[in-house]
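Here is a friendly walk through one protein chain, written to be read with the structure open beside you. Please keep the viewer at hand and look up each residue as it comes along.

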Amino acid sequence: MTLALHGIAVSRGIAVSRALVWDTAMRDIPRNRIEKKSVRFEKKRFDNAVKRVTEELVEIRAQISADSPAEFDAFLNLHTLILQDPILSEEPKNLIQNKLINAEWALIEQMEVLLEQFSAIEDDYFRERNSDVRQVVERVLKSLRGHATAMPLPPEGENEDPWLIVAHDISPADMVQLKGRRVGAFVTEMGGATSHTAIVARSLGIPAVVGVPRALEFVHNGDLVVVDGKIGAVFLDPATMVVDEYQRKQAILALSRQRLKRLITTESRTQCGRRIELLANIELPEDIKGVVDAGADGVGLFRSEFLFMNRKEWPSEDEQFEAYRKVIKAMKGKPVTVRTLDLGADKTLQFDGANSSAPPISSTSALGLRSIRFSLAEPAIFLTQIRALLRAAKHGPVKILLPMLTNIRETRQALAYIDMAREQLLERRFQANQDVSIGGMIEVPATALSLPHFLNYLDYVSIGTNDLIQYTLAVDRVDHQVAHLYDPLHPAVLRLVYEVISSAGKAGVPVSVCGEMAGDVRLTRLLLGMGLTQYSMHPSQLLDVKELLLKTDFATTQKLVKKVVRTFDIEKIDALMRQLHND
């Protein structure tokens with residue numbers, strides 16, 4: 001009988017494959033008391049395990065090919081830094097000596113200490129890095145127990161059938177070793193929309209469902225499994241009719257992807273001729289190839305914080321300038337929107353990006369010193385980034401985007417620092433584009449509700465729907481216990497998004513959406529009917545959205561959407577959305 005498991009859909013597509021199960025070393029951790037005479041031996045055993053894993057990570061980084069996603073190197077850097085942190089590399093030895101416990105037990109205790117620090121970070125990306133801590137510990141545990149640290153790999157070769165990887169979690173090191181292997185899909189018990197499994201799966205175009213409870217309990221090596229990466233479903237022991245249906249869908253999807261490539265050079269317009277800008281989101285300069293290949297109208301969101309991560313020192317002005325210039329020149333005159341540093345402010349960032357010369361970053365509670373708040377609290381870092389951006393802007397159109405604005409005072413302060421950066425460049429006789437658009441992210445309900453005041457200071461606005469939804473609904477979208485409450489179609493969310501688009505339109509201020517809603521084809525017509533003409537999404541989603549827009553009549557869509565935003569009846573909203581999507 002077919003058994004269906006459900007998780008978080010993070011990379012669309014369909015797979016019908018045999019399962020290759022990667023078990024976890026976290027099960028049945030030995031917790032033994034030791035005698036004083038064994039302390040030295042246990043410490044040595046721990047040091048040897050850490051050394052072996054460090055050497056393995058170096059070897060794996062050397063295997064990264066030039067055409068691999070840029071995320072591989074970044075994640076492996078992060079794992080090396082985590083492994084080098086004294087909390088994991090030194091403190092376990094103190095526990096071994098003081099508590100007289102075995103190395104595995106000591107390591108697990110210190111892992112929990114580090115996980116608590118990561119959990120305190122408000123930023124989704126960094127909060128989900130607790131999975132990286134677990135993966136590093138997993139490798140050390142395997143080494144301690146004499147097991148192979150690498151996971152069993154699918155066979156190489158184009159003629160091999162693809163395998164479906166089922167795991168508690170998948171580390172970046174494992175991802176690198178999967179390069180060139182036939183992988184049909186990823187299914188993991190851990191992870192969220194911004195976990196590295198999700199990020200890499202999307203960049204490789206491989207279906208993935210994460211956050212699937214008890215997947216390892218139900219799936220065994222060699223089992224036939226069906227994965228639907230669109231709805232987040234995993235079907236075990238599928239009936240013949242289920243397999244046949246999904247193989248049919250798989251064939252249709254493959255043909256559809258080939259057909260979509262023909263739209264790369266097609267201008268994005270609705271049936272009634274309304275011009276729509278389809279922009280792309282990137283994390284690193286290397287991602288720009290995917291943007292160009294998708295035929296995007298520009299970069300709608302360059303998440304600049306990725307330039308600051310996995311480092312021992314803050315990037316210099318010249319280094320940032322070169323990174324921005326690379327992206328700007330690659331876009332050949334199309335606009336590039338760069339979001340200024342959007343980090344949390346937890347002290348754990350000290351091993352992610354700060355050196356001893358960097359300003360101290362104190363631990364804060366949720367909703368604390370992050371994004372623009374951090375930049376304004378550390379003007380030297382902010383001014384360095386702005387100067388780099390203004391210098392790079394002479395190579396093409398650049399827009400500066402200020403994250404998480406919540407009041408006019410901080411908006412004015414940020415603009416004053418931007419003016420100061422311009423003056424500093426003039427004093428240094430640097431050539432820089434002085435006419436750069438300045439925008440703000442609308443991702444806090446307070447900002448959305450008081451938008452007319454912000455529009456007096458900003459050239460454009462961009463709606464960050466991911467944070468706007470979770471702040472509006474008080475739902476942590478990476479907490480599996482409440483993830484079902486994270487709803488982009490909640491009436492309050494719809495009303496806020498509609499009011500922002502409407503208010504900006506009436507004021508003649510351009511507005512875009514750069515959150516996950518922008519790349520979700522189920523919501524494309526909803527946003528269009530609200531009056532949106534700029535979408536920014538992952539490059540892999542762009543052609544699907546374009547295809548739907550080409551078939552859409554704006555006037556018809558607008559009438560239905562007005563009904564959607566006027567109602568608070570959830571069932572009525574669902575019915576209208578079905579009608580909207582099927583028209």
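## Glu317 and its neighbours

Setting aside residues within four places in sequence, Glu317 is in contact (heavy atoms within 4.5 Å) with Thr384, Arg387, Ala388, Arg391, Leu425 and Arg428. This is a predicted model, in which local features need pLDDT of at least 70, side-chain atom pairs count only at pLDDT 80 or more, and totals for chains, interfaces and linings use all residues. Residues are numbered from 1 along each chain as its sequence is written, and side-chain values use heavy atoms, with hydrogens and water left out.

Glu317 belongs to helix 13. Helices (H or I, at least four residues) and strands (E, at least two) are DSSP runs, numbered from the N terminus. With a relative accessibility of 10%, Glu317 counts as buried. Buried means under 20% relative accessible area, exposed means over 50%, and partly exposed lies in between, using a 1.4 Å probe and protein chains only.

## The whole chain

Stepping back, the protein chain has 24 helices and 16 strands. It consists of 583 residues, and 57% of them are buried. Of the contacts between residues at least 6 apart in sequence, 71% join residues at least 24 apart.

Helix 13 covers residues 317–330, and its 14 residues should span 20 Å at 1.5 Å a residue; the end C-alpha atoms are 20 Å apart, which agrees. The expected span is 1.5 Å times one less than the number of residues. The buried residues here are Glu317, Gln320, Phe321, Ala323, Tyr324, Val327 and Ile328. Seen down the axis of helix 13, these buried residues fall within an arc of 165°, so they line one face of the helix. The arc is that of the directions from the helix axis to the C-beta atoms.

Ala323, also in helix 13, counts as buried at 12% relative accessibility. Beyond its neighbours within four places in sequence, Ala323 is in contact with Pro285 and Leu307. Ala323 and Ala392 are 69 residues apart in sequence, while their C-alpha atoms are 8.9 Å apart in space. Just after helix 13, Lys332 has a positive phi of about 50°.

## Aromatic pairs and charges over rings

How many aromatic pairs does a search of the whole structure find? There are 5. Rings of Phe, Tyr and Trp (its six-membered ring) pair if their centres lie within 6.5 Å; planes under 30 degrees apart count as stacked, over 60 as edge-to-face and the rest as tilted. For Phe235 and Tyr246, the ring centres are 5.5 Å apart and the planes stand at 40°, so the pair is tilted. Phe235 lies in strand 8 (residues 233–236) and Tyr246 in helix 11 (residues 240–260), so the pair ties together parts that are 11 residues apart in sequence. Both Phe235 and Tyr246 are buried. Another pair, Phe308 and Trp314, is edge-to-face, at 5.9 Å centre to centre and 65° between the planes.

Lys249 lies over the face of Tyr246, 4.7 Å from the ring centre. The charged end of Arg391 sits over the ring of Phe321, at 4.4 Å from its centre. Arg391 is also one of the residues in contact with Glu317.

In helix 4 (residues 91–99), the buried residues are Pro92, Lys93, Leu95 and Ile96. They cover an arc of only 160° around the axis, which puts them on the same side of helix 4.

Pro491 is found in helix 20 (residues 491–506) and counts as buried at 8% relative accessibility. Not counting residues up to four places away in sequence, Pro491 touches Thr567, Phe568, Ile570 and Ile573. Pro491 and Asp569 are 78 residues apart in sequence and 7.9 Å apart in space, C-alpha to C-alpha.

Key: Lys NZ or Arg CZ within 6 Å of the ring centre and 35° of its normal.
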